[in-house]
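Please walk through this structure, starting from the ligand and its surroundings and ending with a pair of packed helices.

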Amino acid sequence: MHWMQKVLSHQMLLSNQKYAEKGFLYKVLNLWLGTGLVTSGGEKWRSRRKALTPAFHFKIVDQFVQVFNSCGDEFVRQLRKQAGDADFNVYPPAELFTLDVICEAAMGVKINAQTQSNSSYVNAVRQVSSMTISRVFQPWYIPDFIFLNSPIGRKYKKMLKILHGTTQMVIQERREELEKIWSQNTFMNVDELGRRRRIAFLDLLLWNARDGSISDADIGHEVETFMFAGHDTTASALTFTMLLLSRHMDAQDKILKELESVFDPQQPLELSLQKLSELKYLEMVVKESLRIYPPVPVFNRRNPEDTALVSGHVMPEGCSITISPFGIHRDPEIFPEPERFIPERFSPEESARRHPYAYIPFSAGPRNCIGQRFAMLELKSVLAKVVWNFRLLPAPDFEPELTWELTLQSANGIHVRLQDRKLN
Ligand code: HEM
């Protein structure tokens, strides 16, 4: 197929509300996420998306820069423990970093996953993620009644109890706290001492639920959807970008130069939204990394009706349509020499020349990633901290073994070496 046809077929599928329903594989997420934003469809999805969109308004997302700052500083402390001559797998600490960030953003609570990685909640999130994935690759576990009666399904139920119980507890506590403020019928964001407080995604849900239109179970599902959609994806992006940087010292030098022109080199890196917006080269690096290693390499839609294809075949109603950011991002007709890391592909001029549906790490159209801006800011923040503090070097003989586990992962981890810039 000509590249333009491929891009146009993505545009046709992703821009059209008709194709907004998810494919049947998403059902494996229902025990955990119910019908939250990722899994729901029809009117429920439309009204929830409308209610949740303000949570991603730039004024709200911007308050999370402080969270990126403090969690990023902890990430640097954790990495420093392993910096030195030996290489190590950066995925586990990166995952704990993204869990800390998303918990604070979604629920307004600090779980300190990076410093207490053995907590039962952190353990349950990790186990439920990996057991959910295992169902996709063992299709006999797809029907809930078979899965739930298997040994792994019984363990899954226990873990879900921890997750759902914690979420409901946080919801109750938060509601009691906010109702005192809301008794004045205003969506205030100051605490009892008059200090400005951060608005968590949960706060917006609770505000919208005051008329009883959203049940506590539904609120829980939306919060857990954020936990699910916002942690593995960002950890995958963060670690693959670190891998690429370890192999491209020139890109690290350019990032460092850019950082030195924006921040005071004598001070620890104190992020602000304004400063992050000045890091243009770092943004190109992140975009190029999301092109080569898209954290969501494929996703599905349900075909709503018999559809005639250019080839003369008919795609029957109800079948799953797979869309592959991984495939289109590596098409040499769209991205020449697709395996090469060239951040300049994302300069404003080059980006303007490309069809918008040729680059879709966050999907596109009405069902695109609602957390896109949040994720880009989070990634830029933490990578700025990493490059400011460390020189990333390749691990000898390491090659990632790419595997798809709902997000793009490397079966043998992501190994790099870190040298503390202060010591060298
Ligand atoms: C680099 C990080 C991320 C990437 C690459 C990414 C990618 C995507 C993609 C491709 C989709 C569409 C999936 C589909 O159609 O099945 C999606 C949906 C979604 N993402 Fe993200 N995501 C990222 C981070 C986040 C974060 C941080 C959040 C939350 C704060 C988030 C929340 C969501 C939600 C709620 C949806 C469902 C939207 C809807 O159906 O209306 N994502 N994401």
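Around the ligand there are 28 residues, and those that come nearest are Tyr26, Trp45, Arg49, Arg367 and Cys369; a residue counts as near if one of its heavy atoms lies within 4 Å of the molecule. This is a predicted model, in which local features need pLDDT of at least 70 and side-chain atom pairs count only at pLDDT 80 or more, while totals for chains, interfaces and linings use all residues. Residues are numbered from 1 along each chain as its sequence is written, and side-chain values use heavy atoms, with hydrogens and water left out.

Tyr26 places a polar side-chain atom 2.5 Å from a ligand oxygen, and Trp45 has one 2.8 Å from a ligand oxygen. For Leu37, a backbone N or O atom lies 3.3 Å from an oxygen atom of the ligand.

The iron atom of the ligand has a single protein donor, SG of Cys369, at 2.3 Å; donors are N, O and S atoms within 2.8 Å of the metal (3.2 Å for Na, K and Ca), and sites may look incomplete because water is not among the atoms. Cys369 sits in the loop between helix H16 (348–353) and H17; helices are DSSP runs (H or I) of at least four residues, numbered from the N terminus.

H17 (residues 372–389) packs with H11 (residues 216–246) at an angle of about 35 degrees, the axes being 11 Å apart. Axes are lines fitted to C-alpha atoms over the stretch in contact, and angles run from 0 to 180 degrees between N-to-C directions. The residues in contact (heavy atoms within 4.5 Å) include Leu238 and Met242 of H11 and Val382 and Val386 of H17.

Terms used
Helix = DSSP H or I, 4+ residues; strand = E, 2+ residues; numbered from the N terminus. Polar contact = N/O pair within 3.5 Å; in protein donor to acceptor, adjacent residues only side chain to side chain.
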